[in-house]
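I opened the model to take some notes on it. These are my entries, in the order in which I looked things up.

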Protein chains: 2
Amino acid sequence: MNNDFNIVNFVQDFSNNCSKVQIKNFEKGETITTFLVNRNQFCILISGTADLVKYDYNGNKIIAERFSKNSIFGEIFYNINTNNEFIVEAKEKCKVLLYSYDDINEKCKSNCKFHQTLIKYFPDLIISKITDLTSRIELLSRRTTRDKLLGYFDLLSKQYGKSFTLPFSVTELSNYLSVDRSSMSRELTVLKNEKFIEQDRRKIKLLY
Amino acid sequence: MNNDFNIVNFVQDFSNNCSKVQIKNFEKGETITTFLVNRNQFCILISGTADLVKYDYNGNKIIAERFSKNSIFGEIFYNINTNNEFIVEAKEKCKVLLYSYDDINEKCKSNCKFHQTLIKYFPDLIISKITDLTSRIELLSRRTTRDKLLGYFDLLSKQYGKSFTLPFSVTELSNYLSVDRSSMSRELTVLKNEKFIEQDRRKIKLLY
DNA sequence: AATTTTCTGTTGTTTTTGCAACATTTTTAT
DNA sequence: ATAAAAATGTTGCAAAAACAACAGAAAATT
């Protein structure tokens, strides 16, 4: 697998006009897309950060996934269900490649550079997405808030070491872990008192 | 997308010996594979049912995923983490195709039928897996046992209608939804008393 | 720079979930 | 066919999480 692949280069190489591809920019707070019907929409996030969010009937926000550079998403990956209206929200300025996916091996008439490159890197992009989703399931399947927090900190520490800044605000983190914000805050205090962690807002230090 | 694709036909077509492919049979209860190292293992379940399971430090069993015909799994899709030892367990007799994945587009010397077919159907298989995982995340992100139950029943009712038999025992279902068995059983009783459902063991009827 | 909004940490209270133990039924193994 | 093992449904109790409300801090907006 080619883990060094950078979609930004890929898109910069893509200079000709392919009718099946669009590149759009979104400002912070804007809705990039909604999952409402079963379309063949396939998106690649070129830059920025975006969340896949949903609100339950109680008004609780759920952050189902967080997307960053090279993340893929779109209706193609989702079984539309009237009970679940998902929205992809830009958390900061985002550049998104939107593609109408029919068959990965189907090229446009001009057999453009974009399609050649997409076919080449599609497996890596998609396997990486599965890896992310599997980790996410492992995290959400944890029973307690404490376990979810420590599990998430573990993932971050693999990447950044014992000290890191959360990619979420505390409030957003609770939505991402699907727990009540105040309960989570209480548990963070317990972890601090027990000298498991040091924390000040987004700054976390693991003491184990 | 070709949703009628059946891997069984595919494998029956695959008659020549490809050095990178193995087909193995497993009896109920046997371990099909474990996720311990970062190998390029990629598996397709040809027949049977299998679970991806993990035990937390408290001894609770977690069913992270359930695999049936055409499901794909393997270490290739998992970030190995020493804290999380996952096992794929056969729930009934299983036939599994094991493949050493390097590059989906890399064919074996003989450019065998297997590789040709795998390349063709790989996108469908993998997109379908992502769809499943996304639904699973939506389910696990629900806050209460009641919501998880109703969410899961919704998924099943889309496929089977208002009356169906759970693909899990009640005990297994609690592991799949990551909740305590007795709590879940209690909530099922509440749902029955409130005339939301009828239930007797695996038999469920939705009354709404 | 001032004001409004959001975020944060706290805590008391209520609700839900987890845990443990048990009798009964069902399934599996011998 | 019988015995052993596993699953099921229940319940009391303990633990954890959700809810609600608030004050102060930080961030965003104008």
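**Conventions.** I am working with a predicted model, in which local features need pLDDT of at least 70 and side-chain atom pairs count only at pLDDT 80 or more, while totals for chains, interfaces and linings use all residues. Residues are numbered from 1 along each chain as its sequence is written, and chains are lettered from A and ligands numbered from 1 in the order in which they are written.

**Helix 3 of chain A.** I took helices (H or I, at least four residues) and strands (E, at least two) as DSSP runs, numbered from the N terminus. Helix 3 of chain A covers residues 145–160, and its 16 residues should span 22 Å at 1.5 Å a residue; the expected span is 1.5 Å times one less than the number of residues. I found its end C-alpha atoms 22 Å apart, which agrees.

I then listed the buried residues of this helix: A:Thr145, A:Lys148, A:Leu149, A:Tyr152 and A:Phe153. Buried means 20 or more other C-beta atoms within 10 Å of the residue's own, exposed means 12 or fewer, and partly exposed is in between, with C-beta atoms placed from the backbone. Seen down the axis of helix 3 of chain A, the buried residues fall within an arc of 125°, so they line one face of the helix. The arc is that of the directions from the helix axis to the C-beta atoms. Their cover includes helix 2 (113–140), helix 5 (181–193) and strand 11 (203–206) of chain A.

**DNA strand C.** I counted a residue as near the strand if its C-beta atom, placed from the backbone, lies within 6 Å of it. There are 20 residues around DNA strand C, and those that come nearest are A:Val170, A:Ser182, B:Thr144, B:Asp180 and B:Ser182. Helix 5 of chain A gives the most to this surface, with 4 residues.

**Chains A and B.** I found 27 residues of chain A in contact with 27 residues of chain B, contact being C-beta atoms, placed from the backbone, within 7 Å. Helix 2 of chain A gives the most to the side of chain A that touches chain B, with 13 residues.

**Two loop residues.** A:Lys195 is in the loop between helix 5 and strand 10 (197–200) of chain A. Its phi is near 60°, a positive value in a residue other than glycine. B:Ser178, in the loop between helix 4 (170–176) and helix 5 of chain B, also is not a glycine and has a positive phi of about 60°. Which of them is buried and which exposed? A:Lys195 is exposed, with 9 other C-beta atoms within 10 Å, whereas B:Ser178 has 21 and is buried.

Key. Two residues are in contact if their C-beta atoms, placed from the backbone, lie within 7 Å.
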